[in-house]
Every structure is written in structure tokens, then in C-alpha cells.
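User: I want to learn how to read some features of a protein model. Please take me through them one at a time.

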Amino acid sequence: MATTTSTPEAILDAVGGAENIIHFTHCATRLRFELKDASGIDKAAVEAIPGVMGAVPQSGDRYQIVIGGAVQSVYDEINSLPAMKSQGGSSGSGQSDADVKAAARAKARGKNAYVDAFFEYLSDSFRPLLPALLGASLIIAGEAICEAFGLINTHADDAHKPATLLFVDAMFRAVFYFLPVMVAYNASKKLKIDPWVGTAVMAALLTPEFIKLDTHPSTTCIDNTTLNSKLCTAHIAGLPMQLNGYGGQVFVPLMMVAILALVYKGLVKVVPTNVQMVFVPFLSFVIMMPVTAFLIGPLGIWIGTGLGTALFWLNSHAPIIFAILIPMVYPFLVPLGLHWPLNALMLANIASAATNHTDFIQGPMGAWNFACFGATAAVLVWSVRDKDNEMRQTATGALFAGLLGGISEPSLYGIHLRFKRIYPFMLVGCAVGGLVQGIGSMLGGIDGVTTTTFVFTSLLTIPVFNPIWLYGIAVAAAFATSFFLIVTFGYRTKEERAEALAAAGVAKGGNTTVSAPAEAAEAPKATAAAAAPVEEGDRTAKAPTPKPALVPGAVTEIASPLKATTMDLDKVPDPVFSSGAVGQGVGLEPQGDIVVTAPADGTVVVAPSSGHAFGITLDSGVEILIHVGLDTVNLEGQGFDVKVSQGDRVSAGQELVRVDRSVIEQAGYPLTTPVLVTNTASFASVEVVGGDSVEPGQALIKVTAPEA
């Protein structure tokens with residue numbers, strides 16, 4: 001029996017181990033990997049790992065694994081594994097800096113490379129801050145609830161606030177006031193320069209000494225009636241310097257670090273190695289602190305103010321268009337990570353006197369979030385109705401994260417992006433929620449739903465929006481609309497639902513639900529249908545819907561794909577397989593000529609050109625992975641004569657690949673061939689029934705479905 005493997009170990013094994021990781025980070029709900037080679041990752045196996053809510057392959061060997069609210073702890077645990085520490089922590093590359101840079105250049109995606117790099121920079125500068133922002137937003141929500149019941153007055157000036165309330169204010173204002181320092185730290189790490197240098201440059205603009213320049217005798221100020229504030233100019237060494245409050249600003253640190261990275265890396269090239277520790281930071285400070293105070297700081301304020309003012313104008317003059325536009329675009333921005341510029345604008349609005357320190361984007365954004373959560377709630381209703389335990393667990397966790405935390409990623413990646421019918425219904429909910437806000441704003445003579453702080457739009461943060469009644473009606477309408485439409489019309493096609501019902505042990509006929517025993521009676525027919533001949537090369541034929549191996553209590557035997565001797569799975573010299581992370585099964589040591597055949601009728605779902613692995617969904621419902629040799633992907637197809645392609649229908653005994661044993665042996669790779677049931681979680685047991693040696697077509701593995 002294989003040794004029990006923890007979730008972090010299973011995830012690390014599933015992505016190819018620490019040596020396969022170039023860069024590793026996380027966001028609010030996802031582990032984000034940049035890998036040397038992501039082609040060998042079995043998505044179904046990753047999603048079968050306990051605690052994993054979904055897997056999202058991306059271009060450029062990037063891979064995301066959705067964890068949910070526990071992502072931080074899983075991330076920390078993975079980084080604490082000995083294998084990760086030996087590879088250098090979260091970078092995990094084991095490469096020189098030059099190698100990493102070369103790999104990054106190789107992955108540049110044509111003319112979009114700079115755009116991709118920009119959004120990666122923006123995203124990685126904010127993502128690590130999400131837990132702190134979420135925690136602070138809940139403190140704000142608590143204050144808003146207390147104020148709604150008349151227990152406190154958060155709008156009183158500081159001199160009239162109780163000391164207790166001032167102390168509570170300090171808890172969340174610490175996050176927002178020092179946000180530019182935190183962003184500078186993350187941005188510096190992203191651009192691979194000393195993060196504390198970037199932090200110190202930004203912190204200089206928040207020190208008491210810098211703030212005191214505002215009242216220095218040499219400073220001149222003029223009233224700005226438009227912004228209802230003062231514009232002050234200090235005179236430093238005879239040069240004018242515009243003074244601004246930089247607490248809560250995000251554009252300034254993002255711009256500053258981008259320029260600092262050029263300066264810092266340039267200094268590293270010219271400063272002698274033995275004195276770099278002292279003089280690179282020193283010269284960076286001497287150059288960048290004045291540049292930031294005189295140029296970058298004011299420019300960042302102007303940019304943030306300009307963008308905020310433009311959107312404020314649109315919101316004021318066309319509130320319906322603005323209120324509908326924001327929730328309608330968010331469902332497309334969030335999955336791509338392109339929502340960060342709008343998040344930055346929200347923070348800039350709150351920090352800007354031009355918008356009266358008020359944000360008007362988060363209100364319409366709430367319509368999108370609640371439409372998303374309404375869709376998730378509807379899927380939960382369907383999963384309960386269909387007795388789909390897997391989807392019920394996914395939807396429950398996603399709904400909890402959404403309604404209480406305001407986080408949409410578990411819903412998006414775990415459910416919505418998997419089923420094409422959801423998005424149209426959800427977009428209707430977004431439009432309805434935005435329309436309610438737009439009409440309410442026009443009738444009430446207000447500039448939309450606003451808030452004076454940055455929060456995650458959840459049930460707990462409803463009280464921070466003004467007017468609360470309009471926001472509450474809008475998000476309720478968005479939630480109810482998408483919920484009603486999906487409950488009424490469903491979120492899956494008939495074929496998708498039939499397959500899910502079969503996997504759950506329930507069949508659907510007309511308007512009557514038929515229990516598993518009735519389906520079992522039909523199993524022999526399904527087996528006969530599965531055995532019917534299929535013309536070679538036919539890639540459009542579909543396996544019968546009933547899945548005999550998934551019928552409660554059913555026992556199914558899987559044949560050996562080649563002539564071999566057997567070994568226990570935990571003896572396979574590869575932790576990805578021996579841990580059972582990919583699925584339970586057996587290891588085979590090929591004997592004689594290596595000819596791998598299909599163990600039963602089914603459809604090929606994995607068939608890389610290298611020929612080293614084949615995934616087959618058998619007509620019986622069992623999902624099989626046959627991995628020919630270990631690390632043989634490195635041969636790039638040498639010695640492999642592949643006979644099938646992804647999407648092919650195959651029959652029992654049909655050749656999948658012929659392998660030249662001598663090529664693998666000369667390359668030094670093991671011939672050990674794991675045969676695994678990748679949907680092991682669907683069965684009560686997976687047992688090896690083959691003896692010490694097996695012939696092609698001989699019984700090898702027995703799978704038993706759970707009782708109803």
C-alpha cells in the first residue's frame with residue numbers, strides 16, 4: 001500500500017517536482033506556477049487531490065491550481081517541503097539567473113509579450129496583499145455595522161472620537177496608509193531587485209520629516225477651490241517640489257519601482273562586486289529618492305487623479321452606462337487577471353481629493369460579484385437535486401468564499417468557466433444589478449453607489465456602501481436574476497448532465513429519475529454497445545452514456561496493456577506515481593518487445609507526440625493513464641512509434657505505441673510503466689489482481705464502485 005501523501009506533497013509531485021518549477025507564487029485563491037514543462041501534468045489527477053478545487057493550464061508552461069481560502073497555508077507548506085528548500089524556495093528553478101532570463105525571453109509571446117509582462121507586474125505587486133486587504137475590509141465592515149445601529153460615529157473628527165474607536169481605526173488604516181510601501185516591496189521582488197531598497201525609497205515620502213515640509217516656512221501654498229484643498233510647493237536646494245499626501249497611493253510605487261529596477265541593475269553592472277552591498281543601495285537612494293519626490297510622485301498623483309476624474313465624469317453624466325459597463329466587463333477581466341488596473345483606480349480614487357476621497361467603481365462591481373454568487377448558489381441547488389456530491393462540495397465552498405469573503409475565483413475556476421451555459425445567464429444578472437444602480441442614481445440625483453474605503457464586496461461589507469438601500473437592492477437583484485435563470489434552465493447541456501448523473505449513480509429518463517438498480521439492469525446493454533466494432537480512425541464516435549463500472553457495487557476488471565512483470569505502485573521510482581497522487585494502480589516492467597495496447601474500448605484523451613503517456617477514458621467509465629517509462633518525455637519521441645492520437649476511439653487490444661527498448665535503455669531512463677486509474681476517487685477500491693507477470697489482455701486491475 002502506498003504511503004499517505006499530504007496535499008502539499010501531492011501538488012508538488014503532480015506539477016513535476018521542485019526541479020520543474022521556475023517561479024511559484026499565489027493569489028487570493030490560486031497557486032500559480034511557472035514550469036519548465038507543463039505538458040505532463042494530468043489535470044484530472046491534480047483536481048482529484050484533496051483540497052484542490054480546480055486546475056487551470058495556461059500558455060507558456062504556466063499553471064494555476066485553485067485552492068480557495070487556504071491558499072496561503074498550502075503555499076507556505078509547499079515552500080517548507082525539503083525538496084523546495086533544496087531548489088531555492090519559491091523560485092524553485094535550480095537555474096542560474098542567466099538561465100532564468102533566457103527561459104523568460106524564450107517564452108515571450110510575440111507582440112503581446114510587453115502587455116503580458118505589464119499585467120504580470122501589476123498583478124504580482126498586488127496579489128500578496130489580498131489577505132491583508134480582506135482582513136482590513138472586514139474591520140471596516142464591522143465599524144459600518146456598528147454605525148448603522150447607532151453605536152459609534154465614524155464620521156466625527158478625531159478630537160471627538162473615543163480613544164477605542166481611534167485605536168480600531170488604526171488597525172485598518174495601517175494597511176491602506178502604508179499600502180504604497182507594501183506595493184513597492186512586492187513590485188521590487190517581481191523585478192528581482194532588493195525589495196527593501198524599493199520599500200525604503202517609497203517610505204521616505206511617508207516619514208514625519210517629509211510631511212512636516214508642508215508647514216515649513218519656506219513652503220508656499222495656494223488654495224485649490226476645485227479640489228477643496230491646498231496645493232503646496234516646497235523649495236529644496238532652490239528647486240520647487242510639489243507636496244502630496246502619498247498614503248494609500250498605488251501608481252507612485254508602481255512607477256517608481258519600474259525606474260528603480262533600471263537604476264539598480266545598472267549600478268550592479270558598474271559597481272565592483274566587493275562593495276555592491278553598500279554602494280548599490282546608497283546610490284539607489286541618492287538617485288531615486290529625489291527623482292521620486294520631485295518627478296515620479298507628482299506624476300503618479302496626476303495620472304491617478306486624471307483617470308479617476310475621467311471615470312467620475314462618465315459616472316456623473318451617464319450613470320446607467322457606467323453602472324452597467326463595470327459589472328459586464330468584470331466577468332471577462334477577472335479570469336485573465338486584467339482587473340488589477342481597475343482595483344488600482346479604486347484605491348487611487350479613495351486617496352484623491354479630486355473624487356472627494358470616494359470610490360464609485362466598487363458599487364457597480366458588487367453587482368458582478370453577487371451575480372457570480374447567485375450563479376454558484378443555483379449550481380448548488382442543482383447539485384443537491386442531482387445528488388452530485390462532488391459539485392455540491394465545490395459549490396458550497398465557492399459560495400461560502402464569495403458571500404462571506406467577496407472572492408469570486410473559486411466560483412469562476414471551480415464552476416463557471418467549466419460550463420458555457422452559465423456565463424450568459426450570469427451576464428444578465430450583472431446587467432440587471434447595474435441597471436438598478438444606474439436608474440436609482442438618476443432618480444435619486446446621486447453619483448452612483450459610493451464608498452470611502454476599499455473592501456471586498458460580500459454580505460459583510462454591504463453597510464460600507466452609500467446609499468446602502470440602493471446597493472442592497474442592486475446586488476440582491478443581480479444575485480436573484482442569475483440564480484433564477486440557472487435554476488430554471490440549468491447550467492449543463494443534456495449530455496453533460498446525463499454523464500454527471502451516471503457518474504453519481506443516478507440515471508435520468510424523461511421527467512422521471514431512475515435509481516441506480518434500474519441503471520444496473522441496463523448495464524449489460526451498455527457493455528454490448530461498448531463492444532461493438534468502431535472503424536479505425538473514427539474520432540467522432542461517442543462512448544455509450546451508461547457507465548457500468550460506475551454503477552453502485554459494480555466490479556470491473558482492467559486488462560494489462562503489455563507483457564510485463566508487476567511491482568507495487570509504491571515501489572515505482574517516481575514520487576508522482578508512487579505517492580498515488582495521480583491515481584492508484586500498478587507498475588509494470590516490460591518484457592521483450594514493448595508493444596502497448598488499449599486495455600479496453602474507449603477514447604484517447606491524452607496522447608502527446610512524444611508517445612510517452614496515454615490517457616484513455618474507457619467506455620466503462622474508468623479513466624486510465626499508461627505512462628511508458630519514467631522521464632521518457634525528455635526523449636521527445638525518439639524510439640516511440642505512436643499509433644493513435646488524442647480523440648481517437650480505440651478497441652481492446654488495439655496498438656497505442658511501439659517502443660524501441662534500446663533507445664530508452666541507452667538514454668538511461670527506467671522502462672517502468674505505471675498503469676493508473678486516474679479517477680480512483682470515484683471508486684470504493686482499486687486492486688491489483690494480476691500475478692507476478694502478465695500478458696497483454698490478461699486481467700490486471702479490479703475496480704469496485706461504492707455501494708449506493
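User: Which residue does G54 stand opposite in β4?

Analyst: First the general idea. Strands of a sheet pair through backbone hydrogen bonds, either parallel or antiparallel. Here, in a predicted model, G54 faces V66 of β4. Strands (E, at least two residues) and helices (H or I, at least four) are DSSP runs, numbered from the N terminus. Two strands count as paired if DSSP finds at least two bridges between them. β3 and β4 (residues 62-66) have four bridges, in the antiparallel sense.

User: In what order do the four strands of the open sheet come?

Analyst: The order is β1-β2-β4-β3, with antiparallel pairing. β1 (21-26) and β3 (54-57) are the edge strands, each pairing on one side only. From one strand to the next, the twist averages 15°. Axes are lines fitted to C-alpha atoms, for helices over the stretch in contact; angles run from 0 to 180 degrees between N-to-C directions.

User: Which strands does helix α3 touch?

Analyst: Contact means heavy atoms within 4.5 Å. By that test α3 (residues 71-80) packs on the sheet and touches β1 and β2 (30-35). The direction of α3 makes about 150° with that of β1.

User: What are the rules behind the model and its numbering?

Analyst: Residues are numbered from 1 along each chain as its sequence is written. The model is predicted, so local features need pLDDT of at least 70, side-chain atom pairs count only at pLDDT 80 or more, totals for chains, interfaces and linings use all residues, and side-chain values use heavy atoms, with hydrogens and water left out.

User: Is T219 buried or exposed?

Analyst: Buried means under 20% relative accessible area, exposed over 50%, partly exposed in between (1.4 Å probe, protein chains only). T219 counts as buried because its relative accessibility is 12%. T219 lies in the loop between α11 (208-212) and β5 (220-224). Its side chain reaches the backbone oxygen of L213 at 2.6 Å. Leaving aside residues up to four places away in sequence, T219 touches L213, D214, C232, T233, A234 and L243.

User: How many residues does helix α12 have, and what is its reach?

Analyst: The expected span of a helix is 1.5 Å times one less than its number of residues. α12 (residues 251-270) has 20 residues and reaches 29 Å from first C-alpha to last, close to the expected 28 Å. Its buried residues include F251, L254 and Y264.

User: What share of the protein's residues count as buried?

Analyst: Of its 708 residues, 50% do. The protein has 24 helices and 23 strands.

Key
A polar contact is a pair of N or O atoms within 3.5 Å; within protein, one must be able to donate a hydrogen and the other to accept it, and residues adjacent in sequence count only if both atoms are side-chain atoms.
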